[in-house]
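Please look at the sequence and the structure shown here before reading on.

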Amino acid sequence: MNILLAILVLGSIAAIFGALLGYASVRFKVDADPIVEQLDDLLPQTQCGQCGYPGCKPYAQAVADGEAINKCAPGGEDTIKKIADLMGVEVQPLDESHVQGDTTASNRPKVAFIIEEDCIGCTKCIQACPVDAIIGAAKQMHTIIIDECTGCDLCVAPCPVDCIEMRELPDTIHNWQWDLTSIPVKQLD
Amino acid sequence: MVESVIERITRGHFWDFHGGIHPPEQKMLTASKPIKQLALPKQLIIPLQQHIGREGDLLVKIGDKVLKGQALTLSTNPMVVPIHAPTSGTISAIKMSVIAHPSGLSQLCVFLDVDGEDTWRKKTVCADIEQLSNSEIIEKIADAGIAGMGGAGFPTHIKVNSKTDINFLIINGAECEPYITADDLLMMEQSNAIVDGIKILDKLLTPNFILIAIEDNKPKAIKALQQATAAIEKIKVCVVPTKYPAGGEKQLIQILTGQEVPSGRLPIHTGIVMQNIATCFAINDAVRHDIPLIRRVVTVTGQALNKPQNVWALLGTPINFLLKQCDVQAIENEQQPVIMGGPMMGFSVSSELVPIVKTSNCILVPSKTEMPSAFEKESKEVECIRCGQCSDVCPSQLLPQELQWSAKAKDYPQLEKLNLSDCIDCGACAYVCPSQIPLVHYYRIAKAEIRQQQQLDLKAEKAKTRFEARNLRLEKEKTARQEKHKKAAAARKAAMNIATPEATGAKSAVAAALARVKAKKAAQSQSQSQASTAEAQKNLAQSNELATEATNPVDEQKTEVAAAIARAKAKRILKQEAANKPISSNEGVKQTVTAQLEVSQPPSNDDKKAIIAAAIAKAKAKKLSKAADAVKSVNLAESTAAEKAVNLTDKKAKIAAAIAKAKSKALAKKANQETPITTAEDIHLEKIKAVRVESKDESDSKANAAADKKIRISAAIAKAKAKKKLKEARNLAGTVKNNDQDSG
């Protein structure tokens, strides 16, 4: 009799808590995987596609699903380290096969530049730009909106007349950085 | 609370701020001499941007003659203040030039060749400011291009256009930085004008109290202002104890009112507005006398000068002109540092052509004994000994050594936790550091990096939203396109049921297929018998006829393939028959030939292989022309030159086919009965080779033709096109080869 009572009591408690947990899992369901958003925040948002995914968010999703963390070339070692911290995995060196363009050049920010005399107005670069930073129409000269360009390099390859090149942003007093190690410049004039 | 503040002020009891230092003042170098009026320099270099914010739109061009006080830029935005011609003259250049910035970078400057006449533009002097409305006064201040003259250069018209209730208006005459006496001298000489400027601010802001803060090391200035304000109850001259950096905005507010401005907030949020002495003077000039901001008092000092003094410098005056006027000693010394701003917060300028701007209050040219550290190339920095003196003197109550470590480690989140943004760059920590660590430099680097990072984050955020917006748009376009395709497909289906030329074409293809099946069946069932051979021949002839007739209908390709298969079948049967009964097969051939006479008119009756070869060659030619048509359709949008070239290909391909046909005929005539197929194959291979070579040549000639039409097409396009065509020609050759292999 006592045993039956104990089973009954414990069973009913288990049923109550089970129902509670079941309700909670429905009521407080997390829609998206929050890790994807966190990963997406770490990525540089150049939308360059060098990782093999069509943008930063898809790559974030892929990393969350177990893709290698070392495919983001614009983010570099810093981003890999941050992703490794977030995912709790080992830091890996950057996968060189996902680096496009000239890596030996300085890592200063670059933007695309259209040599307007050579542009034939084919709109191929406009279709390639992931952030709509190129304006122009068919048979009209195109140009880059510098402030919107992420320097992803994707417009360079599709150009049939090779009129797009990547140029370093010039130093202005707005983006200038103090550099104590540099040799002091004396202007002669 | 407010009453007690005023009571304390009237009693001369003030609060104190944390830390602070007492560096040697060195103000006696210039404090006793009047402000000198200088002769006009030969050329002025006027940077378009002299304040925080953005540069205005240029109103002048090279060669323009401008009058003194004439506006050179137009303000289109509240954060833009205009600049004015400091004297009359001619604009000789508008180009990049080194400006007063620690980076030594260039910015767009207007070069003004001074004509020496100093002719004013028309001035409208305002006798009574009471008649002006507040908005009119603010407009005058904005048009005069006044930006805070204490150091930061914040546009004044924004600061005085406040909607909130102002409790205290504080006029900052503390001038705490060593060496500088520009405000001191201005207060001594122009106290009435300054008070008039303060009255204008009073009218605009209607504060409860106006406090003029002056450090107690300027007795003459205090006396002058006390006399000038004696009649005005509202204005109190506050003599504050000398301590660096008492002139810092937040520090001075704390001294006078005991209030601390919260981190990340502006004084205006606590009902306080602060203006510099020189700004008050400029406001008076602008509103009453219609004189825009074109000159300022600059302290030119340092022991490397024989005559250190304060001067009235026109904005745009190059530093070397000022130094010459003050008789610089060591100009031959290449290493002579020239510091713009005070010794604590100033920076070395990279060129002596750097012009005076609205915010430059001091040019310091120290001698080697005076400031040895400025002459040293190498930093004498040693390890931090954790003495903590820096945090004792920090006026913002930060932890400078912690900040320094984090700055060196580039640990920016930690720096933000330590409130680096509250650092005012005063340099007190570096001044007391026994290890000679240039702490402020590390903070400046870190601040610039953090600012850069914030900009990058903003940009990344923007890129993300744009990317997502684009994807959404593409998705929409795709669904719209699919919808359209669906509709078009439905329309096509509907059209198939009605009798149209297209539908008939499709039906004829079906009929051809049926005939083929029949022929196959007939051949299978009657292959053994002799009589069947003749029928098979007939069927073959029929299918051949069908094939040739089907040239006209739409579905060419299918018919061709069908015909080829039928021919192959017939060939097999014929071979079998030939092995069994050579005579009857000959008869069959005769029938075939008669059937085909209307198509190809072969020269001999007994050479069936030649006919087949010719038919194949014709099919090849057709295919070739079709491929050429495809090329044509690709190039439709291109120039007429390209089209012509394609037509050329078409023609040439036909000619080639005809030649090949003729050749094959001739060869077939000679060909032996034992090895007819191989011969035909050889012929084909030869022909294809010829076609391939020709098509390559044609692509070259095409490129040439296109290049000839250079009038409208640039060389770049031609190159690109040639590249494309070569590729296509190669593809074409490849297809032809494949077809050959299939049929062979």
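Which residues does B:Ile171 touch, not counting residues up to four places away in sequence? They are B:Ile198, B:Ile210, B:Leu211, B:Ile212, B:Ala213, B:Gln275, B:Ile277 and B:Cys280, where contact means that C-beta atoms, placed from the backbone, lie within 7 Å.

## Basis of the model

This is a predicted model, in which local features need pLDDT of at least 70 and side-chain atom pairs count only at pLDDT 80 or more, while totals for chains, interfaces and linings use all residues. Residues are numbered from 1 along each chain as its sequence is written, and chains are lettered from A and ligands numbered from 1 in the order in which they are written.

## A cysteine site in chain A

UniProt, in an unreviewed entry, places a "binding site" at A:Cys119, A:Cys122, A:Cys125 and A:Cys159; such annotations may be inferred rather than shown by experiment. These residues span 41 residues in sequence, yet no two of their C-alpha atoms are more than 10.5 Å apart, so they gather at one spot.

A:Cys125 counts as buried because it has 24 C-beta neighbours inside 10 Å, whereas A:Cys122, with 19, counts as partly exposed (buried means 20 or more other C-beta atoms within 10 Å, exposed 12 or fewer, and partly exposed in between).

Technical notes. Contact = placed C-beta atoms within 7 Å.
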